[in-house]
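Hi,

Here is the structure you were after. Have a look at it first, and my notes follow below.

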Amino acid sequence: MGPYAEVVATPLLLAARRALGHVPFIAVDSVASRQGGREHWALPKTLAAFGPDGAVDGDGWRLRVRARPVGVACPLVVPFAFTQAPGTRAECRFRGRVRLARVDLRGDGLPGWLATGTHLGAVATGQLRVGAAVAA
């Protein structure tokens, strides 16, 4: 699908000592990414315009994200999985560098669970490989 901008908000849980995620919010600036994410993994990808100042504008909502990394970037290779549709699971693997960050989130028209304010987050650069969604 090529390079594209993306913002994602997801809780990450530990299930049997393994990371398991669910993605309730994800916005991209690529039609191909939106289509592929919806078709292959049931991801709720929506189109948005990404500004150079951290602003992300979608249909009826606006998000302003500012991530302030803290500490040093650490190399990380981690397998994890996510589940979107009941009874399905997609295996993933991230390889890259990660820094903890304070993430300032401001927005209008966002879902209620996506609270504005300062949150603990991460800034990650690297490669994410996502396998096919299969029956869990």
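Glu6 is partly exposed, with 40% relative accessibility (buried means under 20% relative accessible area, exposed over 50%, partly exposed in between, with a 1.4 Å probe and protein chains only). Before you read on: this is a predicted model, in which local features need pLDDT of at least 70 and side-chain atom pairs count only at pLDDT 80 or more, while totals for chains, interfaces and linings use all residues. Residues are numbered from 1 along each chain as its sequence is written, and side-chain values use heavy atoms, with hydrogens and water left out.

Back to Glu6: what does it pair with? Glu6 makes a salt bridge with Lys45, and the closest N and O atoms are 3.8 Å apart (a salt bridge is a side-chain nitrogen of Lys or Arg within 4 Å of a carboxyl oxygen of Asp or Glu). Because Glu6 sits in strand S1 (residues 6–9) and Lys45 in strand S5 (residues 45–47), the pair ties together parts that are 39 residues apart in sequence. Lys45 counts as buried, at 4% relative accessibility.

Arg68 and Asp104 meet through their side chains at 3.1 Å, N to O. Arg68 belongs to strand S8 (residues 61–69) and Asp104 to strand S10 (residues 88–108), so this pair ties together parts that are 36 residues apart in sequence. Asp104 is buried at 13% relative accessibility, whereas Arg68 is partly exposed at 28%. Glu91 and Arg89 also form a salt bridge, again 3.1 Å from N to O. Glu91 is partly exposed, with a relative accessible area of 35%, and Arg89 is partly exposed at 27%.

Now the chain as a whole. There are one helix and eleven strands (DSSP runs numbered from the N terminus: helices are H or I with at least four residues, strands are E with at least two). From the N terminus on, the order is β-β-β-β-α-β-β-β-β-β-β-β. The radius of gyration is 15 Å, close to the 14 Å that the globule rule gives for 136 residues, so the chain is as compact as a globular protein of that length (the radius is taken over C-alpha atoms, and the rule is 2.2 Å times the number of residues to the power 0.38). Buried residues make up 28% of the 136 residues.

Cheers
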